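Visitor: Hi! Please walk me through this one, starting anywhere you like.

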Amino acid sequence: MRILLLIISIFTFSSAHALPEIETWTTDKGLKVLFVESTELPMVDLALTFNAGSARDADLPGLSILTHGLLDKGAAEMDADAIASKFEDVGAQFSASVDLDRSSITLRSLSDQELFDDALNTFITVVSKPTFPQRDFQREQKRLLISLEDQKQRPAEIVSRAFYASLYAEHPYAQ
């Protein structure tokens, strides 16, 4: 029994030391930064997370999903193809997602300085200068409306919506 406890203690102690050190600070503009350095892989993962999930859509349900679906369709002078090409040319991946309480916009890039700089510049442009092209907006809007109609045909979705509506009543989670 003592040997078993010793083995468990060793694994527990060594696991505790395997956790990465998370550095944290706040920028001059109030942005909270969490940073973990790992030199094992030559890549950088960057995530912007906002208190802007679908529960914050107010009188416009679906706004956050629609917005995130359009982020990489146009920015500054670039269309969707140019944005995709810029990320692909440097081996980077861009994604945007939303849930009830938050939205996230992420970038995964190689850590080579030149490649990362190009990927980061494209990322900043997409996040700070989206154009939401009308044609893409209309296509995404139709896709979401079709998806909502499809959900009305699925029993699991019908039950889930009824459950959340009864549980949360007037709260945005009911949507």
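**A strand and its surroundings**

Guide: L34 lies in strand 2 (strands are DSSP E runs of at least two residues, helices H or I runs of at least four, numbered from the N terminus). This is a predicted model, where local features need pLDDT of at least 70 and side-chain atom pairs pLDDT 80 or more, while totals for chains, interfaces and linings use all residues. Residues are numbered from 1 along each chain as its sequence is written, and side-chain values use heavy atoms, without hydrogens or water.

Visitor: Is L34 buried or exposed?

Guide: L34 counts as exposed because its relative accessibility is 60% (buried is under 20%, exposed over 50%, partly exposed in between, with a 1.4 Å probe and protein chains only).

Visitor: What about the turn, where does G30 come in?

Guide: G30 belongs to the hairpin of strands 1 and 2, which has 5 residues between the strands, and takes a positive phi near 90°.

Visitor: Zooming out, how many helices and strands does the chain have?

Guide: The protein chain has 6 helices and 7 strands. Reading from the N terminus, the order is α-β-β-β-α-β-β-α-β-β-α-α-α. The chain has 175 residues, and 19% of them count as buried.

Visitor: New topic, charges. Which residues gather in the negative patch?

Guide: On the surface, E88, D89, D112, E114, D117 and D118 come together as a patch of negative charge (Asp and Glu count as negative, with the charge placed at CG of Asp or CD of Glu). Helix 3 (80-89) and helix 4 (113-128) are the elements that each give two or more residues to this negative patch. Helix 4 gives the most, with 3 residues.

Visitor: And where is D112 found?

Guide: D112 is in the loop between strand 7 (103-110) and helix 4. With 43% relative accessibility, D112 is therefore partly exposed.

Visitor: How many salt bridges does the count come to?

Guide: The count comes to 8 (a Lys or Arg side-chain nitrogen within 4 Å of an Asp or Glu carboxyl oxygen). Side chains of opposite charge can pair when their charged atoms come close.

Visitor: Which residue does R154 bridge to?

Guide: R154 pairs with D150, and their closest N and O atoms are 2.6 Å apart. R154 is partly exposed, because its relative accessible area is 36%. D150, at 37%, also counts as partly exposed.

Visitor: What does E149 pair with?

Guide: E149 forms a salt bridge with K152, with 3.1 Å between the closest N and O atoms. E149 is partly exposed, with a relative accessible area of 44%, while K152 reaches 53% and so is exposed.

Visitor: One more: what distance separates K73 and D72 in their salt bridge?

Guide: Their side chains meet at 3.3 Å, N to O. D72 has 27% relative accessibility, so D72 counts as partly exposed.

Conventions. Patch = residues over 30% accessible without salt bridge, like charges linked within 9 Å, V, L, I, M, F, W, Y side chains within 5 Å. Areas by Shrake-Rupley, 256 points an atom, 1.4 Å probe, with all protein chains shown as cover. Pairing = 2+ DSSP bridges.
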